Amino acid sequence: MTKNIIKTLALGTLLTFSFSNAQQKPKVVLDNFFNNEKKENKETKVLESWHYTWNDTSNGGFSLLGEIFTKQGAEISTLTTAPTKKDLKNTNIYIIVDADIDKEAYGGKANLIDPTSIKNLTDWVKKGGVLVLMSNDNGNSEFEHFNKLAGEFGIHFNDDSYNRVQKREFEQGKVMVPAGNEIFAEQKLYMKEVATVSVKSPAKELLSAEGKNIAAIAKIGKGTVFALGDPWCYNEYIDGKKLPADFTNYQGTEEWVKWLLKQTSKK
């Protein structure tokens, strides 16, 4: 009888532990409201979201990034509306990439980052949320409203463009990471046509290209903000098919994902 009790307790402990782990899986939510590009599927004739989305397997998609997050134990999802307090409550990492300008948005009218969203996100970060902001360069991204959000954390995306690459001159897009970087190992990354980033306290500079800062991190309350002037980890530049072997974007993306997930433990 004692052995049976021990077996039952052990099984119960195991089941409870497994359920707890499932509950604690970090939730990574990708915005599909402020970045809301759609195109028609040639086969089904149905409009589909694309460009920096989890389910987009084309060059401009984030399908490989999604795989990296899930391999590291995260759960990925998409939010197609502006983030409410309820949406953010169980979110660990929230990602906004390439906020739309009108010419890119579905219906020709961009969903601009509004004051309510800014307050919801700022309050959430202070409580331990991890916010990722990735812009694009001049002419390809919305800056005015995006910067109202970024400005809450001492970060400003400049409406410019550096590391401009001519045809297949990939060296023009190099970003050399020096030893001692807080996120990345010493390596050579590829970031093409990048907006520069200005910082003030509490934000601090992280990466540079052509002598200009292009990335920043900020600690606010219990939370963290990561900002970069390029959606640098899309399929085309981490699948190993296009870039010369000395560019390590896949490795860098893995390091970045691990760092982001590590920040969520503080929530």
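Where does lysine 167 lie? Lysine 167 sits in the loop between β7 (155-157) and β8 (174-177). Helices (H or I, at least four residues) and strands (E, at least two) are DSSP runs, numbered from the N terminus. The model is predicted: local features need pLDDT of at least 70, side-chain atom pairs count only at pLDDT 80 or more, and totals for chains, interfaces and linings use all residues. Residues are numbered from 1 along each chain as its sequence is written, and side-chain values use heavy atoms, with hydrogens and water left out.

Start with the backbone. Most residues other than glycine have a negative phi, and most peptide bonds are trans. Lysine 167 has a positive phi, near 50°. Lysine 167 is exposed, with a relative accessible area of 81%. Buried means under 20% relative accessible area, exposed over 50%, and partly exposed in between (1.4 Å probe, protein chains only). Glutamate 193 also has a positive phi, near 55°. Glutamate 193 lies in the loop between β9 (187-190) and β10. This residue is partly exposed, at 21% relative accessible area. Next comes a cis peptide bond, from serine 201 to proline 202, with omega near 15°. Proline 202 belongs to the loop between β10 (197-199) and β11 (203-209).

Now turn to the helices. Two packed helices are described by the angle between their axes and the distance between the axes. Helix α2 (residues 63-71) packs on helix α6 (residues 249-263) at an angle of about 50°, with the axes 10 Å apart. That makes α2 oblique to α6. Axes are lines fitted to C-alpha atoms, for helices over the stretch in contact, and angles run from 0 to 180 degrees between N-to-C directions. Angles under 35 degrees count as roughly parallel, over 145 as roughly antiparallel, 65 to 115 as roughly perpendicular and the rest as oblique.

Which residues of α2 meet α6? They are Leu65, Ile68, Phe69 and Lys71. Their partners in α6 include Tyr250, Trp256, Val257 and Leu260. Contact means heavy atoms within 4.5 Å.

Finally, look at the interior. A nonpolar core is a set of buried Ala, Val, Leu, Ile, Met, Phe, Trp, Tyr and Cys residues joined through side-chain atoms within 4.5 Å. The largest core has 45 residues, of which Phe62, Phe69, Ile95, Met134, Phe226 and Trp256 touch the most other members. Helix α6 gives the largest share of this core, five residues. Another core, of 29 residues, lies apart from it, with Leu121, Leu131, Leu149 and Ile155 among its members.
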